[in-house]
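Please consult the sequence and the structure shown here while reading.

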Amino acid sequence: MTTRTFSGPIPFQGIVRVPGDKSISHRALMIAALGEQPCTIKGLSNGDDVVRTRQAVESLGAQVEIAESGEVTVTGGVSGTRSPIDLGNSGTGIRLMAGLVASFDFTTTLDGDASIRQRPMDRIIAPLSEMGASITGSGDSGSLAPLTIEGRPLRGIEYILPVASAQVKGAVLLAALRAEGPTTVHETVPTRAHTEEMLAAAGVSLERGDRSVTVWPGKVDPPDIDVPGDPSQAAFWLVGACLAPSSRLVVQNVYLGPARGGFVEILQRMGAEMIVDPESGNIEARSSELKGARVASHELPGCIDEVPILAVAAAAAEGTTVFEGIGELRIKETDRVAAIAEMLVVLGARCQIDGDTLEITGVGRAEALGSGTVDSRGDHRMAMAAAIAGSVGGGSMTVEGFEATHTSYPSFARDLDASRGWTP
């Protein structure tokens, strides 16, 4: 276990580029593996989650070449593998991959680490089984990883998502590419639209409604892909700049598509001085005086990954911030509700959990945040949120299990150390 201590306050100044969007990176690799022509991907996330997906498509038969520049070229081809595919800590990887392989004439075993083996897979087993897939799960419920998927011909279905999940939607849409007849997915709450955006760009026959998407089976011909910066990673820097004194920071080339910019709206509602350039994807943040705000349950899908760092903002803000509908946070890499509550105690903020509602009463300013030790619980977002808290507060924060950051942002500590030398 790696332990790092972060002391503050330090200003966040200058310009930073975050790794490529993790959600888009997973999908880019999988869609490229289904194509017939080489597809070059620039800006691919270098986190462990995406590395696992790259290795997975390669083991399934796709050819993968990595240039010195970091560009990855994938030549499609899916022929199967007898060896289990280990997706590590990636819920996106294992759920999307289940949809990808479900229609191919071979058997695939999908597995992951101890955390993945505790996360619910029934949410993808149900719709894929309705399409005709044969999926055998593990555990007493039969709905946990490892998953054994015996490829079968699939049929198109009409499916209403019981939970707001872009992973489930993506798994069904990938399976629909080789099903008989069209498949329609309905959402009660809009989720990130990466899968349908990228399938449309790849020439797939697709129709999007207000809260639905219909895919017809057909060939996939993806263009070369340039992955923009990950907004979930940008959030850490932007919150840091809002909280630390004398800060003025620009995060460049951030993805600003549907259902991904919710955290920006929330921070602005809290009083953050932020400027968003929708053309370039650049977001500028400055030192701000934050106040509490209410985040309604329908907003959560658009900021679900950013709640840990938004909780740090709430801890430093004046007044009370309320997050509604936080149930999904309990089944992430760890129980993030419990992990956030533990971190807030260390920071000195008051925290109350009532069912699926989290209420945080802040200390009023970042310099008043408490010092102490936080266990990441193996969760990359908790590790980074605690590091930012230590960097903007008046004391220090020791983060146990800091190596979890390699899941999505291997250079996070280096970039944070370098921030001390940035110039505006």
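Predicted model: local features only at pLDDT ≥ 70, side-chain atom pairs only at ≥ 80, totals over all residues.

Cys303 takes part in no disulfide, and the nearest cysteine sulfur, which belongs to Cys242, is 15 Å away. Cys303 is also buried, with a relative accessible area of 0%.

With a relative accessibility of 31%, Cys351 counts as partly exposed, whereas Cys303 is buried.

## The sheet of β1, β25 and β24

Three strands form an open sheet in the order β1-β25-β24, and the pairing is mixed. Its edges are β1, residues 3-7, and β24, each of which pairs on one side only. On average, neighbouring strands of this sheet are turned by 25° against each other, with direction ignored.

Strands β24 and β25 run parallel and are joined by 4 bridges. Within this pairing, Asp375 has Glu400 of β25 as its bridge partner. In general, the strands of a sheet pair through backbone hydrogen bonds, either parallel or antiparallel.

Two helices lie across this sheet. Helix α10 lies across β24 and β25 and runs at about 175° to β24. Helix α11 lies across β1, β24 and β25, and its angle to β25 is about 165°.

## Helix α10

Helix α10 covers residues 336-347, which makes 12 residues. From its first C-alpha to its last it reaches 16 Å, close to the 16 Å expected at 1.5 Å a residue. At the start of α10, a side-chain oxygen of Asp335 comes to within 3.1 Å of the backbone nitrogen of Val337. Just after the helix, Gly348 takes a positive phi of about 90°.

Which residues of α10 are buried? They are Arg336, Val337, Ala339, Ile340, Ala341, Met343, Leu344 and Leu347. The elements that cover these buried residues include the helices α9 (307-316) and α11, together with the strands β22 (350-354), β23 (357-361), β24 (372-375) and β25 (396-400). An α-helix has 3.6 residues a turn, so residues three or four places apart point the same way.

Helix α11, residues 380-392, has 13 residues. Its reach from first to last C-alpha is 19 Å, close to the 18 Å expected at 1.5 Å a residue. The helix is mostly covered, with 13 of its 13 residues buried. At the start of α11, a side-chain oxygen of Asp379 lies within 2.9 Å of the backbone nitrogen of Arg381.

Ala389 is found in helix α11. Is Ala389 buried or exposed? Ala389 has a relative accessible area of 3% and is therefore buried, the limit being under 20%. Leaving aside residues up to four places away in sequence, Ala389 touches Val312, Leu347, Leu369 and Met397. One of these, Leu347, is among the buried residues of α10. Ala389 and Ala244 are 145 residues apart along the chain, while their C-alpha atoms are separated by 9.6 Å.

## The sheet of β11, β13, β15 and β14

A further open sheet consists of 4 strands in the order β11-β13-β15-β14, with mixed pairing. Its edge strands, each pairing on one side only, are β11 (158-160) and β14 (206-208). Neighbouring strands here are turned by 10° against each other on average, direction ignored.

Helix α6, residues 194-201, packs on the sheet and touches β14 and β15 (212-215). The direction of α6 makes about 140° with that of β14. The bridge partner of Glu158 in β13 is Thr184.

## Met131

Where does Met131 lie? Met131 is in the loop between α4 (122-130) and β8 (134-138). This residue is buried, because its relative accessible area is 0%.

When residues up to four places away in sequence are not counted, Met131 touches Pro153, Leu154, Arg155, Ile157, Val172, Ala175, Ala176, Ala179 and Thr183. Met131 and Glu158 stand 27 residues apart in sequence, and from C-alpha to C-alpha they are 9.5 Å apart in space. Glu158 is the residue whose bridge partner in β13 is Thr184.

Terms used:
Residues numbered from 1 in each chain as written. Heavy atoms only, no water. Expected span 1.5 Å × (residues − 1). Buried < 20%, exposed > 50% of the residue type's maximum accessible area, 1.4 Å probe, protein only. Polar contact = N/O pair within 3.5 Å; in protein donor to acceptor, adjacent residues only side chain to side chain. Contact = heavy atoms within 4.5 Å. Pairing = 2+ DSSP bridges. Axes fitted to C-alpha atoms, helices over the stretch in contact; angles between N-to-C directions. Disulfide = S-S within 2.5 Å.
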